[in-house]
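Biologist: I would like to learn how to read this structure. Please take the features one at a time, with the general idea first and the case after it.

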Amino acid sequence: MTNVCHGKHILKANRLSTYQIGTCFYTDISHFLRLPESVNIGASILFELRAQDVQLIDLRGIKDVTDFFLVATCESEAQMQAILNELRKEFKANKLPSVGVEYKEGVRWAVFDAGLDLMVHLFEEEKRNEISLDRLYADGTVETLDENDFVKKTSKKKSSEDELV
């Protein structure tokens with residue numbers, strides 16, 4: 001087993017190319033190794049709060065405004081607001097920069113600006129199709145993200161105190 005230190009995580013690799021991060025096991029850790037912490041946290045929040053069609057647009061060396069866009073579809077403004085609130089909370093808790101939020105009720109598009117690393121764009125489906133950031137920034141690398149790369153699956157064990165008497 002080989003240990004590799006990456007930021008706050010210790011990665012353990014075995015002969016079968018399975019990697020352990022904390023108590024979770026992964027076969028592909030490329031996202032953990034090449035993305036800044038802000039992108040990993042942002043993507044995790046999007047998946048945990050059920051955003052859909054999550055894409056990462058890599059703009060490094062192409063645009064000076066930010067290195068990455070995370071783009072996701074929300075089903076409602078309430079979901080959009082919940083994601084924005086969680087992003088603010090988690091970035092503050094992890095001492096990551098947060099420049100601000102652009103959100104106006106009824107516009108169906110919101111932006112969480114984390115500075116030079118990341119901007120998170122949240123859309124309702126119709127507005128996302130209209131704006132088409134993935135086509136607008138097609139000179140960058142556009143990748144549809146997989147939830148399994150960012151959210152650890154846990155199974156709750158039933159304890160004796162959960163049982164009905």
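Predicted model: local features only at pLDDT ≥ 70, side-chain atom pairs only at ≥ 80, totals over all residues.

Modeller: Start with the polar contact: a pair of N or O atoms within 3.5 Å, where, within protein, one must be able to donate a hydrogen and the other to accept it, and where residues adjacent in sequence count only if both atoms are side-chain atoms. Residues are numbered from 1 along each chain as its sequence is written, and side-chain values use heavy atoms, with hydrogens and water left out.

Biologist: Where does Ser38 sit, and is Ser38 buried or exposed?

Modeller: Helices (H or I, at least four residues) and strands (E, at least two) are DSSP runs, numbered from the N terminus. Ser38 belongs to helix α2, which covers residues 37–48. For burial, the cut-offs are under 20% relative accessible area for buried, over 50% for exposed, and partly exposed in between, with a 1.4 Å probe and protein chains only. Ser38 has a value of 3% and is therefore buried.

Biologist: Which residues is Ser38 in contact with, leaving aside its neighbours within four places in sequence?

Modeller: Contact means heavy atoms within 4.5 Å. On that basis the partners of Ser38 are Phe91, Leu96, Asp117 and Leu118. Gln79 is placed in helix α3 and is buried, at 13% relative accessible area. The side chain of Gln79 comes to 2.6 Å from the backbone nitrogen of Glu75. Not counting residues up to four places away in sequence, Gln79 touches Leu49, Arg50, Ala51 and Cys74.

Biologist: What does the protein chain as a whole contain in helices and strands, and what share of its residues is buried?

Modeller: There are five helices and 10 strands in the protein chain. Of its 165 residues, 39% count as buried. For contacts between residues at least 6 apart in sequence, 56% join residues at least 24 apart.

Biologist: How do I read a nonpolar core, and which residues have the most contacts inside the largest one?

Modeller: A nonpolar core is a set of buried Ala, Val, Leu, Ile, Met, Phe, Trp, Tyr and Cys residues joined through side-chain atoms within 4.5 Å. The largest one here has 29 residues, and Leu46, Leu70 and Leu122 have the most contacts inside it. The elements that give two or more residues to this core are α2, β5 (52–58), β6 (68–74), α3 (77–93), β8 (109–113) and β9 (118–124). Helix α2 supplies the largest share, six residues. A second, separate core has nine residues, including Ile57, Leu59, Val111 and Met119.

Biologist: Which strands pair with β5?

Modeller: Two strands pair if DSSP finds at least two bridges between them. β5 and β6 are antiparallel, with five bridges, and Leu56 stands opposite Leu70 in β6. β5 also pairs with β10 (residues 141–144) in the antiparallel sense, over four bridges. There, Asp58 has Thr141 as its bridge partner.

Biologist: Why is β5 described as largely enclosed by the rest of the structure?

Modeller: Because five of the seven residues of β5 are buried.

Biologist: How many salt bridges does the structure hold?

Modeller: A salt bridge is a side-chain nitrogen of Lys or Arg within 4 Å of a carboxyl oxygen of Asp or Glu. The structure holds six. In one of them, Arg128 pairs with Asp53, and the closest N and O atoms are 3.6 Å apart. Arg128 lies in helix α4 (residues 125–131) and Asp53 in strand β5, so this pair ties together parts that are 75 residues apart in sequence. Arg128 is buried at 9%, whereas Asp53 is partly exposed at 44%.

Biologist: Where do Lys89 and Glu86 lie?

Modeller: Both are in helix α3, three residues apart, about one turn of the helix. Lys89 and Glu86 form a salt bridge with the closest N and O atoms 3.4 Å apart. Lys89 is partly exposed at 49% relative accessibility, and Glu86 is partly exposed at 24%.
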